[in-house]
Structure formats: structure tokens, C-alpha cells
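Work through the exercises below with the sequence and the structure side by side. Each task is followed by a solution that goes step by step.

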Amino acid sequence: INAEYMGKKKNPVMLHRGSVHPAPQQAVSTIQVLPQSIEGAASSERSLSAVREACEATERAVRAAWELIAQEKSALAQESRALELSRADFEAERARCEAVTPATPTRGGSTTADIIRLNVGGETFVCRRATLCQQPQSRLAAMFATDEALSLLERDAQGNVFLDLSPACFRLVLDHLRLLALNAAPSRLPSERPALIVPAELKQSFESLLTTLCLTFPVQAT
């Protein structure tokens, strides 16, 4: 009995004959499971790395998409500007074509082509072509005598004939031409026609305008 007792004491693993203490078995199980745990941790790390790479790839894709949108927006803006310029050219060309369109009769016996709209120094004037052609030998008459000559004149954005002249002086010219049209008589000499009254402060500018347009008016300064 003592020998059996001493044997158990030397080998504490043995609880009784033929039995084994459970602690070594748990340790063995733990050691066996440890590689699986390490492998699982490594797998989780790989998964996190894959998620991080996917996020970075998504961020790059989003950044590239925004850059593409910005490029397309810039291209659309350029196309819009080009369309605006094309439209302005079209409107100018249409106005030019309308200026040379065959005249259509109106109630007063005149034609739509006989009505001229002028932009003189920023002011708008409307008159008949015949009024501007009262002096056939003048430069003014040559500018409006034919549709071809009229089509060559400069136009503003609204299609009006543009003349870079003094509007105040041109108004005097136009009013006097209208007066001449009302008082025209084949037998009346130019010296017998009514004189043009010009304010003294406009006399010099007015005479320069007459020279530019090759007009001959009897002028009387006030």
C-alpha cells in the first residue's frame, strides 16, 4: 500500500490506477487549436487589407468620375459659347438677307424695302429710301440707291444700318431732306430751295458731315 501510495505521489497525474489528469489533455487541445487561431487572424488581416484596397479603388474611381464631369462641363460651356456666336452670326446674316429681299407692296404704294432703319451714333432713325436719295449725286444716295449697295452697309445687332456719325447733325440733314421731298419741283433751282437752319455751335460739325456725305445744302447759321 505504501509503495502504491508513493507511486501516486511521485506521479500526480495519476489519480488512481489507469486514470489520467484532465489538465494535460486541455493543453494538448489548446496547442492543436492554436494554428487554426493564427490562420484565422491572418485571414482577418487579409480581409481588412482587401477592404482597404477596395475603398481606395472606389475613391480613385469617384475622383476620376468628378474629373470627367468637370471636363464635360467645360466642353458644354465652350459649345454653348460657340452656339451663341453662331446665333449672332445667323441673326446678322438674316438681317442682311432681309435687307436685300424683294420688296413687297404696302398700302401707301411704297414697299417694305423702301423703309430704312438707321442707327446713327446710337440713335435710331426711320425714313424712306427716297428721302435719303434726294440728291442722286451724293454719297448718301449712292449708299442706299440699290439693294446691292444697301447689303454692303454695316449693321448693328438689330439689323439696322449703322452710321458712325453725329446724330444731332444727321437729324438736321434728314429733316432737311424730308423738307426737300415735300417741296421738290423740277423747275426750282437749288438756290431757290429753302435754306437749312443750323445752330451756330453745330455749324462746323454739320459742314464736315455735308462734306463726308457729298451733300450740297444752303446753310444758314443761327
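**Exercise 1. Find which residues of the largest nonpolar core touch the most other members, and which elements supply this core.**

Solution. A nonpolar core is here a set of buried Ala, Val, Leu, Ile, Met, Phe, Trp, Tyr and Cys residues joined through side-chain atoms within 4.5 Å, where buried means under 20% relative accessible area, exposed over 50%, and partly exposed in between, with a 1.4 Å probe and protein chains only. The largest such core has 28 residues, and L118, L132, F144, F170, V173, F206 and F217 are those that touch the most other members. Two or more residues each come from strand 1 (115–120), strand 2 (123–128), helix 4, strand 3 (161–163), helix 6, strand 4 and helix 7, and helix 6 gives the most, with 7 residues. Helices (H or I, at least four residues) and strands (E, at least two) are DSSP runs numbered from the N terminus. The model is a predicted one, in which local features need pLDDT of at least 70 and side-chain atom pairs count only at pLDDT 80 or more, while totals for chains, interfaces and linings use all residues. Residues are numbered from 1 along each chain as its sequence is written, and side-chain values use heavy atoms, with hydrogens and water left out.

As a next step, take F217 from this core. Leaving aside neighbours within four places in sequence, F217 is in contact (heavy atoms within 4.5 Å) with Q135, V173, H176, L177, L180, L196, F206 and L210.

**Exercise 2. Determine which residues of helix 7 are buried and which are exposed.**

Solution. Helix 7 spans residues 203–213, and its residues F206, L209, L210 and L213 are buried. These four lie on the same side of helix 7, because they cover an arc of only 100° around the axis, the arc being that of the directions from the helix axis to the C-beta atoms. Q204 and T211, on the other side of helix 7, are exposed. The cover over the buried residues includes helix 4 (139–144), helix 6 (167–182), strand 4 (196–198) and strand 5 (219–221).

**Exercise 3. Describe how helix 6 and helix 7 pack.**

Solution. Begin with the geometry: the two helices pack at an angle of about 65°, with their axes 9 Å apart. Axes are lines fitted to C-alpha atoms, for helices over the stretch in contact, and angles run from 0 to 180 degrees between N-to-C directions. Then turn to the residues, where C169, F170, L172 and V173 in helix 6 meet S205, F206, L209 and L210 in helix 7. By class, this contact has 7 nonpolar, 1 polar and no charged residues, with Ala, Val, Leu, Ile, Met, Phe, Trp, Tyr, Cys and Pro counted as nonpolar, Asp, Glu, Lys and Arg as charged, and the others, Gly among them, as polar.

**Exercise 4. Locate V120 and list what it touches.**

Solution. V120 lies in strand 1 and is buried, with a relative accessible area of 0%. Not counting residues up to four places away in sequence, V120 touches F125, L163, L165, S166, P167 and F170. The C-alpha atoms of V120 and R171 are separated by 9.1 Å, although these residues are 51 residues apart along the chain.
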